[in-house]
Amino acid sequence: MKLGKGRTPQQNREEKEARVRSGDTHAALVFEGEKCLGWCQFGSPEELPEVKSRRLYEKGLTTLPDWRITCFFTGKGLRGRGVADAALGGALEQITQYGGGVVEGYPEETDDRKVSGSFLHTGPMSAFENHGFTRTRPISPHRWVVTRTV
């Protein structure tokens with residue numbers, strides 16, 4: 001069952017918690033003391049089949065990656081503090097512990113333009129570049145497939 005549409009926030013939280021407890025989803029959480037500042041979702045292509053700009057993504061696809069990094073969340077008022085960068089680092093550490101492989105992300109390039117945080121849910125390009133990802137190919141005017149092997 002897909003989360004979101006037609007479901008209450010409580011139902012979504014319960015479903016997400018059940019997925020975490022069963023090991024069906026992966027995320028790197030960023031904490032400051034007891035407070036969770038944000039997170040980064042990652043998983044296999046089977047676990048995370050949805051890719052934004054899918055038509056262009058599939059058009060240039062030659063091989064599926066071992067891992068995908070698909071979604072970031074940074075708490076309100078916390079953007080610009082390195083939360084996404086820390087979450088991505090944590091995700092890469094976990095991926096390494098799971099055996100590594102080719103990791104793919106789909107960040108939005110801001111090109112020094114002001115972009116709403118809702119467009120950055122796939123992560124900022126700067127975080128991926130800070131962690132050694134390479135731009136592989138564009139899949140929209142401002143979104144790229146980036147890759148790195150860990």
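Q: Which residue with a positive phi follows α3?
A: In this predicted model, helix α3 covers residues 83-97. The residue that follows α3 and has a positive phi, near 110°, is Gly99.

Q: How far apart are the end C-alpha atoms of helix α3, and why does this agree with the span it should have?
A: Helix α3 has 15 residues, and at 1.5 Å a residue these should span 21 Å. The distance between the end C-alpha atoms agrees with that expectation, because it is 21 Å.

Q: Which strands of the sheet does α3 touch?
A: The sheet is open and has 6 strands with mixed pairing, in the order β1-β2-β3-β4-β6-β5. Helix α3 packs on this sheet, with its direction at about 45° to that of β2. Buried residues of α3 include Val83, Ala87 and Ile95, and what covers the buried residues of the helix includes α4 as well as strands. The strands that α3 touches are β1, β2, β3, β4 and β6.

Q: Which strands stand at the edges of the sheet?
A: In the order β1-β2-β3-β4-β6-β5, an edge strand has a single partner strand, so one of its sides is left without a neighbour in the sheet. The strands in this position are β1 and β5.

Q: What is the bridge partner of Trp39 in β3?
A: Strands β2 and β3 pair in the antiparallel sense, over 6 bridges. In β3, the residue that partners Trp39 is Phe73.

Q: Is Thr70 buried or exposed?
A: Thr70 lies in strand β3, and its contacts beyond four places in sequence include Leu48, Tyr106 and His121. Its relative accessible area is 13%, and because a value under 20% counts as buried, Thr70 is buried.

Conventions:
Residues are numbered from 1 along each chain as its sequence is written. This is a predicted model: local features need pLDDT of at least 70, side-chain atom pairs count only at pLDDT 80 or more; totals for chains, interfaces and linings use all residues. Side-chain values use heavy atoms; hydrogens and water are left out. Helices (H or I, at least four residues) and strands (E, at least two) are DSSP runs, numbered from the N terminus. Buried means under 20% relative accessible area, exposed over 50%, partly exposed in between (1.4 Å probe, protein chains only). Contact means heavy atoms within 4.5 Å. The expected span of a helix is 1.5 Å times one less than its number of residues. Two strands pair if DSSP finds at least two bridges between them. Axes are lines fitted to C-alpha atoms, for helices over the stretch in contact, and angles run from 0 to 180 degrees between N-to-C directions.
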